[in-house]
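This report describes a single protein chain for a reader who has the coordinates at hand.

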Amino acid sequence: MEHSVQLGTQYYRESICARLQELQDQEELPFQIIEHQQGKRWVIECQFQDSSLDTMENEEVVQKIHRYYLANALAETILLHWEKDHVVKILKKRPDLKQDNWKMLLNKALDYLNKGLGQVRGNRVNRKTSLVTQILNCLDDSSVFDIEGFLRFRASDYKSEVNKAVEFAIEEYIVEREYIEFIELLKHFVDSQKPRLECLHVGMTPQGKFHLYNDEGVKVTHQFLEDYQLDNIHELGYEDLLVSALIAVAPREITLHIRYEGYKDTLETIRNVFGDRVHDCQGCGLCEKF
């Protein structure tokens with residue numbers, strides 16, 4: 001039995017040939033590789049030859065098996081090489097992104113795709129299975145397969161998944177960058193403020209309602225909320241209100257009497273803004289109130 005499949009590519013000749021060589025070495029597939037260059041493109045012809053009796057009797061099944069192995073090799077090339085190239089291509093089109101950050105964004109996007117992090121429920125095995133199925137459909141229709149043409153015209157769902165991961169990585173990076181810039185602005189504002197108290201103690205209930213005390217244990221919450229409309233607390237949120245109040249007071253020292261895990265983001269913001277001014281109480285009478 002003899003049959004052949006022609007694989008066309010402009011950019012991924014080396015990767016495809018490496019995958020095909022693995023098939024010859026590991027799976028012992030009976031085919032010969034013949035390469036032709038046509039301008040900037042390469043045509044990689046896989047000529048299958050198998051004269052065994054079983055092969056002759058099940059020719060259609062054997063051809064399907066051969067095409068399945070080729071589809072796996074092509075899908076692996078796309079996942080290993082095209083994805084990275086495509087992500088970088090998207091990043092290059094974003095003038096608001098510095099080239100120094102491309103590698104970090106590339107790795108983050110690939111993590112989303114392969115590890116299912118963040119809001120992108122990516123899975124490499126699922127993507128490869130989908131690609132193999134689509135490539136097999138193409139090979140069932142024709143013995144000629146062009147990898148760039150396939151990615152341009154036949155793989156819209158797959159490309160959409162990759163694009164989504166890149167956009168999510170970019171959005172997360174922008175949010176992180178804006179957060180850092182915002183924290184630096186708050187730090188500068190706090191450092192330029194004259195402290196209204198030397199030491200401020202902060203307690204918070206499980207419901208997120210905070211209370212402020214001076215060093216004598218006197219409650220001063222309302223004293224430092226006079227600039228805020230208490231009717232808008234639910235709209236603003238107790239945690240945002242706490243950060244605003246601390247910035248307004250700008251104490252030289254902040255002692256946190258907070259034992260709950262639900263306020264990590266708020267506590268991180270407070271520590272980022274006030275730095276060494278923040279201390280965690282290890283347990284006292286004030287802590288027992290919360």
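Glutamate 28 sits in the loop between α1 (13-27) and β2 (31-38). The model is a predicted one, and every value below is computed from it. Although glutamate 28 is not a glycine, its phi is positive, at about 55 degrees. Its relative accessibility is 65%, so glutamate 28 counts as exposed, the cut-off being over 50%.

Alanine 250 is placed in the loop between α9 (238-249) and β7 (253-257). Is alanine 250 buried or exposed? Its relative accessible area is 0%, and alanine 250 is therefore buried.

Helix α3 holds asparagine 72 and isoleucine 78. Asparagine 72 has a relative accessible area of 19%, which is under the 20% cut-off, so this residue counts as buried. With neighbours within four places in sequence left aside, the contacts of asparagine 72 are Lys128 and Val132.

Isoleucine 78 is buried as well, with a relative accessible area of 0%. Which residues does isoleucine 78 contact, leaving aside its neighbours within four places in sequence? They are Glu83, Leu131, Ile135, Ile147, Phe150, Leu151 and Tyr158. Between isoleucine 78 and isoleucine 16, which lie 62 residues apart along the chain, the C-alpha separation is 9.3 Å.

**Two buried loop residues**

Threonine 221 belongs to the loop between β6 (210-213) and α8 (233-236). Its relative accessibility is 6%, so threonine 221 counts as buried. Not counting residues up to four places away in sequence, threonine 221 touches Phe210, His211 and Leu212. For one of these, histidine 211, the C-alpha atom is 5.6 Å from that of threonine 221, and the two residues are 10 apart along the chain.

Isoleucine 258 lies in the loop between β7 and α10 (264-274). Isoleucine 258 has a relative accessible area of 14% and is buried. Residues up to four places away in sequence not being counted, isoleucine 258 touches Val202, Gly203, Met204, Tyr263 and Leu267.

| Residue pair | Separation in sequence | C-alpha distance |
|---|---|---|
| Threonine 221 and histidine 211 | 10 residues | 5.6 Å |
| Isoleucine 78 and isoleucine 16 | 62 residues | 9.3 Å |

**The largest pocket**

The largest pocket has a volume of about 430 Å³. It is lined by 15 residues, and those closest to the pocket centre are Tyr11, Trp82, Lys89, Glu148 and Arg152. Which element gives the most to the lining of the largest pocket? Helix α3 does, with five residues. By residue class, the lining of this pocket consists of seven charged, five nonpolar and three polar residues.

**The chain as a whole**

The chain has 11 helices and eight strands. Its radius of gyration is 31 Å, whereas the globule rule gives 19 Å for 290 residues; the chain is therefore more spread out than a compact globule. Along the principal axes, the C-alpha atoms fill a box of roughly 95 × 40 × 35 Å.

How much of the chain counts as buried? The share is 44% of the 290 residues. The accessible surface of the chain is about 16900 Å², and carbon and sulfur atoms account for 46% of that area. Of the contacts between residues at least 6 apart in sequence, 69% join residues at least 24 apart.

Note on methods: Residues are numbered from 1 along each chain as its sequence is written. This is a predicted model: local features need pLDDT of at least 70, side-chain atom pairs count only at pLDDT 80 or more; totals for chains, interfaces and linings use all residues. Side-chain values use heavy atoms; hydrogens and water are left out. On a 1 Å grid over the protein atoms alone, a cavity is a set of points where a 1.4 Å probe fits but cannot get out, and a pocket is an open set with protein on both sides within 12 Å along at least five of seven lines; lining residues have an atom within 4 Å of a point. Grid points are joined across faces, edges and corners, and a volume is the space filled by probe spheres set on the points. Helices (H or I, at least four residues) and strands (E, at least two) are DSSP runs, numbered from the N terminus. Ala, Val, Leu, Ile, Met, Phe, Trp, Tyr, Cys and Pro count as nonpolar, Asp, Glu, Lys and Arg as charged, and the others, Gly among them, as polar. Buried means under 20% relative accessible area, exposed over 50%, partly exposed in between (1.4 Å probe, protein chains only). Contact means heavy atoms within 4.5 Å. The radius of gyration is taken over C-alpha atoms; the globule rule is 2.2 Å times the number of residues to the power 0.38. Accessible areas come from the Shrake-Rupley method with a 1.4 Å probe; for residues, only the protein chains shown count as cover.
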